[in-house]
Amino acid sequence: MRILVCGAGGQVGHELMNRAGGYGLEALGMTRDHLDITGAGQVAEVVGRLKPGLIINAAAYTHVDNAETHSEQAYSVNCDGAERLAQAARQASIPLLHISTDYVFSGNAQAPYKEVDEVAPTGVYGASKLAGEAAIQAVLDKHLILRTSWVYGAHGHNFVKTMLRLGGQRDALSVVADQFGCPTQAGSIADALLELAQRYAQNGVLEWGLYHYSGRSPCTWFDFAVEAFRQAEAKGMLAARPKVSPISTAQYPTPARRPAWSVLDCSKFETTFGIDTRDWHDDLSIVLDSLARAAAVAAGAAQHSQA
């Protein structure tokens, strides 16, 4: 089956494109340069011309802080774009798999959030993603919305790569230790979505609706950083670990307020589809290995060019 991947240049989109063939799927990747999902005519034209059997939307405005001052742009992509894709999917009688976020919640809970729990985003990013969810639900019956959290991977910009860069430059740094969530590897999200797309291609049905999918084992950003440095040192990626000091959110103010608690309950997804979530410690090791290989290849290429 042919699938249309929107946001193919992002963290999850990149992994979707790399892995689709392993699921027997032909992925047609669209970056922002190829397809502006905020344009209804453009979306309808692309879907009508390529005739995919399913759409996966990994495109999003994800600059959480910038969204506070660029709300029109955030809503244009995260809400209007999602609605345009849903409308095109309905017109073509195909499903839409869409990625959403833990930031739709307030962060005031103490237990993992279920799909039925009250939503109350604290910033424009979360509010725009929530509006996108509602737009899809209003337009298209055959949809699957997957909320996830703290996405990282070998491709693109993310917390792990930032920490590794800083760890190579500094002897010490401070990281927020009072925000809790579940790191989720982009490749694991891609695998989950592609498994569902494959099932739809084979059976023509899925249990549509709203689901949560994230890495297992809640942690803080501080915990995440410490483990990233521990593994990176063990793999020879860092000569020595920097000293990491825990700080509070108040000590690291940002334009957008992050949820203090954004742990997701993924039991509905696991029970419905029989797909287990992955422990982020294991997935982190996979990503670091990939980054190490890429660095070795780049070093080898640079050496060769100088020879």
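## Helices α3 and α4

In this predicted model, the contact between helices α3 and α4 (contact meaning heavy atoms within 4.5 Å) brings S71, A74, Y75, N78, C79, A82, E83, A86, Q87 and R90 of α3 against V124, Y125, A127, S128, K129, A131, G132, A135, I136 and V139 of α4. Helices here are DSSP runs of H or I with at least four residues, strands are runs of E with at least two, and both are numbered from the N terminus. The axes of α3 and α4, the latter covering residues 124-139, come within 8 Å and cross at roughly 15 degrees, where an axis is a line fitted to C-alpha atoms, for helices over the stretch in contact, and the angle between N-to-C directions can run from 0 to 180 degrees.

Angles under 35 degrees count as roughly parallel, over 145 as roughly antiparallel, 65 to 115 as roughly perpendicular and the rest as oblique, and α3 and α4 are therefore roughly parallel to each other.

## Basis of the values

The model is predicted, so local features need pLDDT of at least 70 and side-chain atom pairs count only at pLDDT 80 or more, whereas totals for chains, interfaces and linings use all residues. Residues are numbered from 1 along each chain as its sequence is written, and side-chain values use heavy atoms, with hydrogens and water left out.

## Helix α6 and its neighbours

Helix α1 (residues 11-19) packs against α6 at an angle of about 55 degrees, with the two axes 8 Å apart, and α1 and α6 are therefore oblique to each other. The crossing of α1 past α6 is right-handed, and the contact is made by Q11, V12, E15, L16 and R19 of α1 together with A186, G187, I189, A190, D191, L193 and L194 of α6.

Q198 also lies in helix α6, which spans residues 186-203. The C-alpha atoms of Q198 and G24 are 7.3 Å apart in space, although these residues are 174 apart in sequence. When residues up to four places away in sequence are not counted, Q198 touches Y23 and L25.

## Helices α5 and α7

Helix α5, made of residues 159-167, packs with α7 at an angle of about 60 degrees, and their axes are 10 Å apart. That angle makes α5 oblique to α7. The two helices cross in a right-handed manner, and the residues in contact are F159, V160, M163, L164 and G167 of α5 and W221, F224, A225, F229 and A232 of α7.

## Aromatic rings

A search of the whole structure finds 14 aromatic pairs, a pair being rings of Phe, Tyr and Trp (its six-membered ring) whose centres lie within 6.5 Å, with planes under 30 degrees apart counted as stacked, over 60 as edge-to-face and the rest as tilted. One of these pairs is F224 with W280, which is edge-to-face, at 5.1 Å centre to centre and 80 degrees between the planes. This pair links distant parts of the chain, since F224 belongs to helix α7 (residues 221-234) and W280 to helix α9 (residues 280-306), 56 residues apart. F224 is buried at a relative accessible area of 1%, and W280 is buried at 2%, where buried means under 20% relative accessible area, exposed over 50% and partly exposed in between, for a 1.4 Å probe and protein chains only.

F224 and W280 also take part in one aromatic cluster with W150, Y152, F159 and W221. W150 is placed in the loop between β5 (143-148) and β6 (151-152), has a positive phi of about 45 degrees although it is not a glycine, and is buried with a relative accessible area of 8%. Elsewhere, the charged end of K268 sits over the ring of Y211, 4.6 Å from its centre; the criterion is NZ of Lys or CZ of Arg within 6 Å of the ring centre and within 35 degrees of the ring normal.

## Two further loop residues

S93 is found in the loop between α3 (71-92) and β4 (96-101), and its phi is near 60 degrees, a positive value in a residue other than glycine. At 53% relative accessibility, S93 counts as exposed.

P218 has its place in the loop between β10 (209-212) and β11 (219-220), and at 47% relative accessibility P218 counts as partly exposed. Leaving aside residues up to four places away in sequence, P218 touches G181, C182 and V263.

Definitions and conventions
A crossing is left-handed if the near helix is turned anticlockwise from the far one by less than a right angle, and right-handed if clockwise.
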